[in-house]
Amino acid sequence: MDSNKKYWKGLEELNRTPEFVEKNKHEFAEPIPIEEVLSGGGLSAKTPRRDFLKALGFGVGAVTLAACQKVPVHKSIPYLVKPEEITPGIANYYSSTYEGSAILVKTREGRPIKVEGNPGDLLSKGGLSAQAQASVLELYDTSRVKDPKLNGNPTGWPQLDKFVKDELTAIKAGGKKISIVSSTVHSPSTLAVIADFITAFPTASHVTYDAVSYTGIIQANKNSFGKAVLPHYYFDKADVIVSFGADFLGTWISGEEFTSQYVKNRNNKSLEAKKMSRHIQFESGMSLTGTNADVRMPIKPSEDGIALMNLYNALSGTTLPGSKKLTNANADKAIVLVAKELLAAKGKSLVVAGSNDVSVQTLVNAINSLLGSYGTTIDLDNPSRQYAGNDTDWTKFVADAKAGLVDAVLFLDANPAYDYYNVKDIEAALKKIRLKVTFSDKDDETAALCNAVAPNHHYLESWGDDSAIEGYYTVVQPTINPVNNTRQAEESLLVWSDNAVKTYYTYLRANWETNLLAKGGLAGQAGWEALLQKGFINAAPVAAGTYSFALDLNAVAQTILSQSSKIAAGGKYELQVYQTPAMRDGKKANNPWLQELPDPVTKVTWDNFAAMSPSDIKELGLDEFQVVTIKSGNGYSVSLPVLSQPGQARGTVSVAVGYGRTAAGLVGNNVGKNAYPFYNLLNGTFQTTSAVSVDVTSDIFPLSQTQTHHSFEGRNVIREATFTEYKKNAAAGSGKDEEHEKYDLWEKSVDDASHSRPVYDWVMAIDLNACTGCGACVVACSAENNIPVVGKDEVGRRREMHWIRIDRYYSYDNGKGELNVTKEKEIDELKDFENVSVVHQPMLCQHCDHAPCETVCPVLATVHSSEGLNQMAYNRCVGTRYCANNCPYKVRRFNWFNYWNDSRFDNYLSNEHTQLVLNPDVTTRFRGVMEKCSMCVQRIQAGKLKAKIEKRPLADGEVKVACQQTCSANAIVFGNRNDPNSEVSKALNSERTYYVLEELNVKPGIGYQVKVRNTLSELQA
Amino acid sequence: MASHNESIIREPLITGKGITYAQITNDVLNPVENKPNKAWWIGFTVASLGSLLWVVSISYTFWFGLGAWGLNKTVGWAWDITGFVWWVGIGHAGTLISAVLLIFRQNWRNSINRSAEAMTIFAVICAATYIVAHMGRPWLAYFTLPLPNQYVLWVNWNSALMMDVFAISTYFSVSLLFWYTGLLPDIASIRDRATGLRRRIYSILSFGWTGSVKTWQRFETVSLILAGISTPLVLSVHTIVSFDFATSLEPGWHTTIFPPYFVAGAIFSGFAMVQTLLLVTRKVLGLENYITMFHIESMNKIIMLTGSIVGVAYITEFFIAWYSGVEYEQYAFINRATGPYWWAYWSMMSCNVISPQLFWSSKLRRSIKFSWFLSIIVNIGMWFERFVIIVTSLHRDYIPSSWVMFYPTWVDVSVFIGSIGIFFTMFLLFIRVLPSVAIAEVKLLLKTSSEQSKKKEIEEGHLDPVEVQYYKESLVKYDSVDMSDYEKI
């Protein structure tokens, strides 16, 4: 084809007109109006070019700047060299010791997050007290001392060591006394270190005192039997237990141990064997033990000794000089009956008294000797070492110091500036002392008076050992590197005394190697490792010998009578100072878990108070929580809100110690009032009772109680029976004889696959007869499930967050000795509030199979699992609270505030350091979300996974929920109902089992077992 | 609205001599077309301050969390749901007046339906704010809607709260539609008289209303259809609100009597609120000729009737509690009357049951001051009714250990007072920009007035005497009119 064809753009090109030729010279036929755009008209257009460029420039700049905002980077760095024992997400457990009890410490990624009982522990058999459960939180307490201090200023250890050593050397040369003042030390290695220190400084001595003293018992045993020891009691071997003011299930000597012993004769197993112990309590204030007693008689503190004299008279058939009747006629009657009971159960009975008075305890020894308790229920040959404080030594030290005889004092786990009855004496004494060192890891009241603070490790950072009972040795091992610049007190002592062994670990190893391992049949490195794994050794106990009492009791009776008349004559009211199971002696006042734990008896949190009889309150015309001023003979007075306490003896006031700390830390400062100054020294021991005057003020100081209605209104929420009834009919009181036909709207759907529980059906059984109401489960649950602490104000608004609570109800005397008055209107008309019975009921999510909460949630945030659990999907919850309203058990808790990140809750758990205690397996909940007991679903899941990996079925009892695990009474049993042989199935099959509000047909997953009381029917009129 | 065959001598629904169609338009549009008077400004200032209080208290709640309210572990609902039910209840009168009375051809409703419907809408808005505000996490309120999502999460159709979401939103949409449809011819009237920007706005709002016969015919049909849809809502909405309580397990809530009892209570409180508003409005806006003593008396009669129904319901609840033999149910009711909240119960009883009985006296029924006073009493009483149901049931239910008292905080009180502020702000703005009386519908009632002018023409001799004679005879013969009465008009 010819390609030379030419196409013209137009006639102009063909004709090559001059205009075309001219135009064709340029690239563009027509000029581009660049000039015009760049100047003049372009700038005055509607959208000028420059504005456009400005906008563009700004836009790009702004976007760039915005993009420069650093996105927070959360680095998660894997281990470069992974420690062999740490697998992220898997917990490690280390055996250790808490106050003589073998424990297991759960650590996650190197930080301890929970303390659990060691099932082999001699004392609590795997249970743990509320205090022990809460102890892990103290490790992360921000008010711990971060560095050693000299004269109040932070310093380094070398400087401190130099100062202390120089001083000690100078003091040694001067020849004046050096005193190590401590609360009871039962660690053999610590005692050895102290002994070595004393060898190095011959003028040194070790003074032991306990804020709450047991010198009375020790001294009485010395007088009676020549053995200055605290006996080891066996409540499980006693069929009849009589306690005169000893709160042995709570605060007396070894509460957890005694609880597990006590329950052995009262739990389901014992009942099925038709056996139940009888427990009679004589006391003035209502104690935790008193709430559990079968018969409880309120008596005044001044009549404590007289009641014991009357009991002795009734038992021995003699009459001690000066014996007289009690003001409570019922109590008098009871004493005679009790004497009969005791004699009938000779050798299987136990009488204990809470008094710290030597003569009272001597009388108790005489009674126990009459009853043949020594060698059976009381063991003097394998004694307890839990309390060894000596009031005489202690007061002598204070007197010596005041006289200027002491030049150095080292305080180990001692805070006398708070807990000594006469703080002025301590201040005066310390002024005269040249070197004052405290090992406290807090800036406590005593630290403020010392010139050196050598902060001790927290026990979870320490090496050590313990021996709470003769022959029982436990080991303490660290579970984390020291958080602060602290040093173990023992190591400080070694350094200061220039001991050949410089580190306490080496010292401890050597001590065990030479003295202790052999007692457990262990030896060498392998033995040590075995010990660390097991946590304890238990040497075979010496056979408990029988002892008989041979002293003359006339002098004892005289002392008792004279003391009684002192208390009774002094004023209108008799004051009894006691400990609450939550706060104890106040050393742990800075622990928010304990402050928020409701007192088992009064349900008061965050305060102490003056407990008085409702009759006395009526008589004085007091309003609820009206402040009264209590003034004792020694001039000390406190103003406390009054609390109406049913069961309190008329004319008595009870005030708890452990409060009123001024230098405990952010949490514990100025919570309540200090009651230690009410102590008085009598016959060489500290007495907790005194005569006081009670003056009414016009102030009202509201207490924050978690329960404000105290009777169960005759509702069958609580079901009770007497032991006599139970023996006739095991189902007595359980409502089983009222069975009626059941109707079920969902019968069909329950059978279909989507609603069945193919493998597991998680349920729980709670034995009301075993539960003592101590509240350890509440703290265990808080630790396990990251439950926020909300503080006094919020508790006062009735917004505590606990997933498990213990309901406590009083029933009153109907005038005939039957304790069955429970209705509000009838109680209002009562005059006698002394004779009451108490029941504790742990209440938590019942995981109902027909859960009323599930049907009302608009967004399906709470649903049922195929394993029978009622579950919360926090992320789905919008917070209508309809579920909580519709829950008949009122166990759902709403996050009213963002507790984990709200500056108003800074005192409690919202700071970053303290949050290290959180359980990473449980999410913290945001505000506006409902929460409740999950039956520790994370533990169930972990257990199931472990079984799956090991290709075996999950064994019964392998998964324990937190509340169950810590319960020394084993009142809570959890497990799979689909397994007919599981513990829980057996428990639920018990005749005593009933379900709370079962008539609503919500099908709760928690069965309760009827409370059985072994009452003395002869007492009923 | 359709045909009206009322006797000419029946008491006229519009009073006053010589009222013409133009007069009506002028009267009703007076507040819309002129600057507001002092009374309006005072009211608006107070209401706006109330709204501001609401903004402050709700912001405080959203910032800190629901802990700002006085609720606790046992009482999970108190002033919030009390306020919610109170507002929803108030809304009911509007729908009853506009829909049910329309279907029953109660023409007297024509003068009050507009304001009552506006009140419904504003009350439902106030109720809706409570639904969102009472949530722990209000920013997730959309979770309550069945929106498809990648998590395959769905809502719970068993929950009465879920039904509530639908009941309230349906109710709001239908009420709004009904109200706005009725407004169309009136907006067109404003448009026709307005100029400038106002004319443009009202022109858009009137949806191009032409006023042709076909438009009117369609208007009437739509109104009837919407009335038909709304009528069941009058019953269903508060029935479903009552399900929030009735379907629960709570003693004092779990009651089958709740649906009718709640509906009667809602109408009761709604009419009281209409009285509260209109007695003031007719005075301030000079609408006495349109909202007459007849209206006031009729509404008072309804208040008396529904108040009595509510009273019977209260007594029935007690009877059933006793008759059921259920311990918890019995305690719940004894506790209401004699427990710590006895004062709330007796406030409710005296306000709701005893005081409306005073309307048996026609003197009191016809006293404007007394009617207004009593309408306030009823509003207070109905608030207490919801408070009694919610708080006194919750605060002491099954497990005595959880029994508590509820104390409101300043935030609780402020949110409630603030919601009243919001309501009045909206209502006051409404009477400024839209006709507070349905002009078109009121004009239908003017029959009496036209009779007056006819008579005037007869008297002045403008009409053929034969026809006049025939007309008068027909009046006697077909309309049963006594000539002596005819002379009086």
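Strands here are DSSP runs of E at least two residues long, helices are runs of H or I of at least four, and both are numbered from the N terminus; two strands pair if DSSP finds at least two bridges between them. This is a predicted model, in which local features need pLDDT of at least 70, side-chain atom pairs count only at pLDDT 80 or more, and totals for chains, interfaces and linings use all residues. Residues are numbered from 1 along each chain as its sequence is written, while chains are lettered from A and ligands numbered from 1 in the order in which they are written.

**View 1. Strands 32 and 33 of chain A meet antiparallel.** Look for Y812(A), which stands opposite V821(A) in strand 33 of chain A. Strand 32 covers residues 805-813, and two bridges join this strand to strand 33.

**View 2. Three strands of chain A make an open, antiparallel sheet.** Their order is 33-32-34. At the edges sit strand 33 (819-821) and strand 34 (836-843), each pairing on one side only. Neighbouring strands are turned by 55 degrees against each other on average, direction ignored, with axes fitted to C-alpha atoms and angles between N-to-C directions running from 0 to 180 degrees.

**View 3. Chain B has 18 helices and zero strands.** Its radius of gyration is 25 Å, close to the 23 Å that the globule rule gives for 489 residues, so chain B is as compact as a globular protein of that length. The radius is taken over C-alpha atoms, and the rule is 2.2 Å times the number of residues to the power 0.38. Along its principal axes, the C-alpha trace of chain B spans about 90 × 55 × 45 Å.
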